[in-house]
Amino acid sequence: MKILFVKFLPVKVSKYFQLAKITFEEYFVYRLNFFLWRFRSFILFLSLFFFWLAIYGQENNFLGYQKAQMLTYVVGIAFLRSLVLGTRTGDLAGQIRSGELTKLILKPLGVFSFCFVRDLADKFLNLFFVIFEVGLILLIFKFPFYLPKNPATYFFFVVLVTLAFFLYFLINLILSALAFWTEEIWATQWLFGVIFLQFFAGAFFPIDVLPAWLSRIIYLTPFPYLIFFPLKIWLEQLSAAMAVKAIFIGAFWLIFFYWLVSFLWQKGVKNYGAYGG
Amino acid sequence: MAAVIEVKNLRKYFRVHKKESGLKGSVKSLFSRKYEEVKAIDGISFEIKEGELIGFIGPNGAGKTTTLKCLSGLLYPTAGFISVLDFAPWDRKSEFQKQISLVMGQKNQLWWDLPAMETFLLNKEIYEISEKQFKQTLDELVELLEVKDILKIQVRKLSLGQRMKCELIAALLHSPKVLFLDEPTIGLDVVMQKKMRDFIKEYNQRFRASIILTSHYMEDVKELCQRVIIIDQGKIVFDGQLEKVVQKFAADKMISLVLAKKVNPREFEEIGQIKEFEFPKVVIAVRRAAAPLAAAQILQKFPVTDLNIEEPRIEDIIRQVFTGKSV
């Protein structure tokens with residue numbers, strides 16, 4: 001049955017299908033690694049969850065968020081971490097450094113498609129586990145999960161998450177491209193990965209609990225469009241006008257990054273030394 | 001016959017930054033970096049026809065691998081013209097990439113954590129090989145290289161020789177018309193090297209594939225290649241038949257003889273340069289043109305039981321070409 005399925009796909013697609021399959025197989029080789037990663041994510045989720053639970057105590061309103069909204073935000077973080085921030089594209093930087101990129105660019109398969117498919121596989125796998133983990137917690141604690149009332153919200157949410165999805169992919173390609181020139185990719189990746197990205201993206205807490213002047217600056221960066229704004233839309237705390245504005249700014253960043261990626265990669269690949277061997 | 005590979009005046013320069021040794025040097029390089037231009041390839045030209053098997057030889061750092069990388073489209077040339085199968089490799093067109101392969105002895109394309117078969121299946125899709133052709137080619141290659149039993153074993157658990165064979169299969173599944181082999185026998189034992197050579201020869205003949213091979217082992221080149229290109233410091237030093245290397249670079253011939261009686265070695269000095277004197281065996285180097293005359297002289301003057309006029313060994317010649325001395 002499976003074989004038939006592959007056969008009827010156009011050849012071009014079956015290429016990516018096989019790549020996704022081999023990516024999954026790799027995860028299964030390193031089961032422990034994967035489970036530790038899931039464990040880490042789960043602990044992060046739990047700490048955020050209990051942290052806010054403790055802060056709210058008997059209160060229902062804090063920093064402009066109702067208890068259910070804040071807890072929904074935390075659940076949202078867990079989901080979007082997998083759906084948006086789940087990635088394998090970060091590996092590229094190392095491959096550029098070590099010369100492993102060679103095997104990718106010699107093949108009739110785009111480097112970007114290669115990464116994209118592996119990202120999808122990663123997101124899919126993680127998402128599967130997140131649903132299970134979060135579902136478990138929701139069942140145990142039975143707190144009111146916030147579901148949007150306005151159908152348009154779902155539409156805006158999907159649009160912005162899709163935007164975030166591509167935005168993050170491009171950000172990763174840009175960070176990896178730096179490896180064509182600099183040797184200290186870990187420093188840049190750590191700085192961006194941990195500090196800017198997760199903090200400014202709102203992957204720990206909603207950005208608007210910060211002083212207004214600071215959050216206004218952060219809104220100008222591309223990061224809050226990854227997690228914060230999609231979740232704000234879900235919580236229906238943005239007016240339609242504001243949602244559209246967020247989508248526009250996100251789209252602006254997307255176009256800019258798209259241009260930057262093409263620019264950096266074209267330059268970078270020319271600079272590539274294909275070292276080793 | 002049209003040339004499959006055409007290279008004209010190819011140059012590839014690298015800018016490398018130089019660092020003085022030690023911590024002091026590291027700190028210094030933080031503030032001012034010195035760059036130096038390295039001419040990895042410095043104006044080489046050659047042509048290769050369909051079905052030719054060329055040996056590319058030269059000392060470490062001569063520019064062999066860099067040339068292969070330019071030809072396969074990995075590196076962007078600084079200047080010059082390259083055409084492989086009528087494509088500019090750098091454009092990296094799929095149609096081009098489906099017809100070539102680059103195998104590097106020190107690099108692997110196999111997926112390290114999975115059995116080799118998984119890489120083969122992925123390559124089948126990537127190169128858009130039909131089910132029938134895939135099966136046929138794979139069976140053939142597996143049989144030729146005798147790797148039937150190891151296809152399902154995680155690549156990381158294979159021995160170097162086994163892995164190299166699988167690498168070769170992965171590189172050949174799409175039956176490339178042009179094959180670049182960079183040190184394909186590196187690290188293999190003698191038996192394995194021989195098998196690899198036989199295989200390369202067979203592939204070359206059966207598919208009329210054009211192959212460029214670099215190797216540190218003269219045996220590889222001697223057995224496989226009629227034509228060699230010798231490259232040194234980014235320049236072509238020699239391009240032609242392997243035997244011609246000897247004529248071009250070996251100014252001398254060796255006369256080796258076995259003496260019947262002891263003779264004072266000094267007496268040979270007027271005939272040529274004594275390379276070896278270990279009674280009863282003597283080896284004398286004489287000018288190429290003078291060899292027959294010298295041999296006649298020796299036979300007249302000395303009690304000789306055996307005499308041979310030989311070419312110097314090709315390994316020695318090439319070594320001397322690299323070190324810059326004439327033989």
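In what order do the 3 strands of the open antiparallel sheet in chain B stand? The order is E2-E1-E4. The model is a predicted one, in which local features need pLDDT of at least 70 and side-chain atom pairs count only at pLDDT 80 or more, while totals for chains, interfaces and linings use all residues. Residues are numbered from 1 along each chain as its sequence is written, chains are lettered from A and ligands numbered from 1 in the order in which they are written, and side-chain values use heavy atoms, with hydrogens and water left out.

## Chain B overall

Chain B contains 11 helices and 13 strands; helices (H or I, at least four residues) and strands (E, at least two) are DSSP runs, numbered from the N terminus. Its C-alpha trace spans about 75 × 60 × 45 Å along the principal axes. Of the 327 residues in chain B, 50% are buried, where buried means under 20% relative accessible area, exposed over 50%, and partly exposed in between (1.4 Å probe, protein chains only). The chain exposes about 16,200 Å², and carbon and sulfur atoms supply 50% of that area; accessible areas come from the Shrake-Rupley method with a 1.4 Å probe, and for residues only the protein chains shown count as cover. Among contacts (heavy atoms within 4.5 Å) in chain B between residues at least 6 apart in sequence, 70% join residues at least 24 apart.

## The sheet of 3 strands

Strands of a sheet pair through backbone hydrogen bonds, either parallel or antiparallel. Here two strands are taken as paired if DSSP finds at least two bridges between them. The sheet E2-E1-E4 of chain B is open and antiparallel. Strands E2 (34-49) and E4 (79-84) of chain B stand at its edges with a single partner strand each, so one side of each has no neighbour in the sheet. Neighbouring strands are turned by 25 degrees against each other on average, direction ignored. Strand E1 (residues 3-18) of chain B pairs with E2(B) over 13 bridges, and Glu6(B) stands opposite Glu47(B) in E2(B).

## The sheet of 6 strands

A further open sheet of chain B has 6 strands in the order E5-E6-E7-E3-E8-E9, with mixed pairing. Its edges are strand E5 (100-104) and strand E9 (235-241) of chain B, each with a single partner strand, so one side of each is left without a neighbour in the sheet. The twist averages 15 degrees from one strand to the next. Within this sheet, strand E3 (residues 53-57) and strand E8 (residues 227-232) of chain B are parallel and share 4 bridges; Phe56(B) stands opposite Ile229(B) in E8(B).

## Helices across the sheets

Axes are lines fitted to C-alpha atoms, for helices over the stretch in contact, and angles run from 0 to 180 degrees between N-to-C directions.

| Helix | Lies across | Angle |
|---|---|---|
| H2(B) | E1, E2 and E4 of chain B | about 65 degrees to E2(B) |
| H7(B) | E3, E6 and E7 of chain B | about 155 degrees to E7(B) |
| H9(B) | E8 and E9 of chain B | about 120 degrees to E9(B) |

## Nonpolar cores

A nonpolar core is a set of buried Ala, Val, Leu, Ile, Met, Phe, Trp, Tyr and Cys residues joined through side-chain atoms within 4.5 Å. The largest has 173 residues, and Leu226(A), Trp265(A), Ile5(B) and Phe120(B) touch the most other members. Helix H8 (residues 151-177) of chain A supplies the largest share of this core, 15 residues. A second, separate core of 14 residues includes Leu257(B), Ile284(B), Val286(B) and Ile298(B).

## Backbone exceptions

Most residues other than glycine have a negative phi, and most peptide bonds are trans. The bond from Phe279(B) to Pro280(B) is cis, with omega near 5 degrees; Pro280(B) lies in the loop between strands E11 (273-278) and E12 (281-287) of chain B. Glu183(B) has a positive phi, near 55 degrees, and is buried at 5% relative accessible area. Arg208(B) also has a positive phi, about 50 degrees, and is partly exposed at 41% relative accessibility.

## Confidence in chain A

The mean pLDDT, the predictor's confidence in each residue from 0 to 100, is 86 for chain A, and 90% of the residues score at least 70. Residues 1-7 of chain A stay under 50, and the model has 4 contacts for them beyond four places in sequence. Where pLDDT is low, the predicted coordinates should not be read in detail.
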